[in-house]
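Biologist: I would like to learn how to read a few local features. Please take me through them one at a time.

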Amino acid sequence: MNMTFLQELFNNITQRDALRRRRQGDATTPDHTQLMAACRALLESDGEASSIALASRALAMYRRLDETEKQHFFEGLATEFAAEPSAIDAAYEAYRQARDNATLQALFEACEPQRQELFRRLNLASDGTYELVRMREDLLGWLRDRPHLGAIDADFAHLFGSWFNRGFLMLKRIDWNTPASILEKIIRYEAVHEIQDWNDLRRRLDARDRRCFAFFHPAIGDEPLIFVEVALHKGLPERIQPILSGEQSEIDDPEAADTAAFFGISNCQTGLRGISFGNFLIKQVVQELKQELPQLRHFVTLSPVPGFGRWLAGCREDETLPAELRNTLAALDTPGWHRDARLAERLETVIKPLAARYLVEEKNARGLPLNAVARFHLGNGAELHRINWLGDVSAKGLEQAAGLMVNYLYVLDDIERNHENYTANATVARSSEVKDLVRKARKLAKGETTK
């Protein structure tokens, strides 16, 4: 039997039932106890058809809960739908005695929280996958204040890692002929360089030197998961403003380009945070571009450096650093400093080396680069290739990174080696230019000249 047909049928039945109740005056908002009862009924259901209807009803109830009731619902999931300790103990004792595959499987099943089976059954509903992604988005917003709900997040992440694996993802080219419903989402989800309006979007999609690709998943329709914007270029780009304005290109013919520059990568679904798509996306887009334009030789990003501005502010307060260095950095407080050629040059001599130190040597608690964008590209096998002074002179660019942007270079023959070295040893693949800047940063920290 066609399960898609069944899902749509029972979803329609559920919607008509809800509409009928509202017409009869049952407009009361459900509470979390009613939703918990609906979830228990779903777990007890043993028929596919009834399970689809129950899943649709439970998800519809969740959508109608207010924020407080949703929080109560997650608290209930954490306690009432957890794994049963006594069942785990019994299963482990049986395995300890028998040491065979049957008792091992029983132990696995005992250790799995009931929540995971509940989420699988909720996924039977039409649009169930997307509704669960949105449910996790709600949960992520409360984890900071309710860290004990992290076990539920782990269940979501475990299931989504399977449901959204590479085999299910579909790569699609986004252009000006893409349906407007998707283009509206591209405008809304752009997280790196805000799209101002439809004219701005057209500049990014319709020019001959532009490409845009997105991953989609069949279970959530026209909702993009992640997309990347590409500018075809001669040589490696240094500045973002000419690209965004459409003035950067001397390329009338895409076949004249030797570089594909990835200047914006945006994750679209907050509820899929931590589920990696970007590495697959970049590698597949590289293959797509190589097939279309085999003359392309360089695949590089023009990336922001979020967080560097905050780190730099900390350097200004760090009394272990030379006073001369801190005094130079104080010039960042001068309004319009980036338009003063002499002042900008003075700042460049210290900020670029400090940026190299920040990207290469500053690490988080796991021993990985402090900067999230760096972690992403280095983990994908890219090289930290070049630090571009005044690459982004927008207000946002000046605030978050003193105007700096970075080129991460994807050298196809080096990607696997770089990835393995990064994964095994947190090694930052970097160019000789960046290595020189790191050495200059060490001299600056000691008060030595960098001439």
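Modeller: Phe 74 is buried, at a relative accessible area of 0%. Buried means under 20% relative accessible area, exposed over 50%, and partly exposed in between, with a 1.4 Å probe and protein chains only. This is a predicted model: local features need pLDDT of at least 70, side-chain atom pairs count only at pLDDT 80 or more, and totals for chains, interfaces and linings use all residues. Residues are numbered from 1 along each chain as its sequence is written, and side-chain values use heavy atoms, with hydrogens and water left out.

Biologist: How many aromatic pairs does a search of the whole structure find?

Modeller: A pair of aromatic rings is described by the distance of the centres and the angle of the planes. Rings of Phe, Tyr and Trp (its six-membered ring) pair if their centres lie within 6.5 Å; planes under 30 degrees apart count as stacked, over 60 as edge-to-face and the rest as tilted. The search gives 14 pairs. Phe 73 and Phe 74 are tilted, because their planes stand at 55°, with ring centres 5.7 Å apart. Phe 73 is buried, at 1%.

Biologist: Which distant parts of the chain does the pair of Trp 311 and Tyr 358 link?

Modeller: Trp 311 and Tyr 358 form a tilted pair, 5.3 Å centre to centre with 40° between the planes. Trp 311 is in helix 14 (residues 308–317) and Tyr 358 in helix 16 (residues 341–361), 47 residues apart. Helices are DSSP runs of H or I, at least four residues, and strands are runs of E, at least two, numbered from the N terminus. Trp 311 is buried at 15%, and Tyr 358 at 3%.

Biologist: Last, phi. What is the phi of Arg 99?

Modeller: Most residues other than glycine have a negative phi. Arg 99 has a positive phi of about 55°. Its loop lies between helix 5 (85–98) and helix 6 (101–111). Arg 99 is exposed, at 55%.
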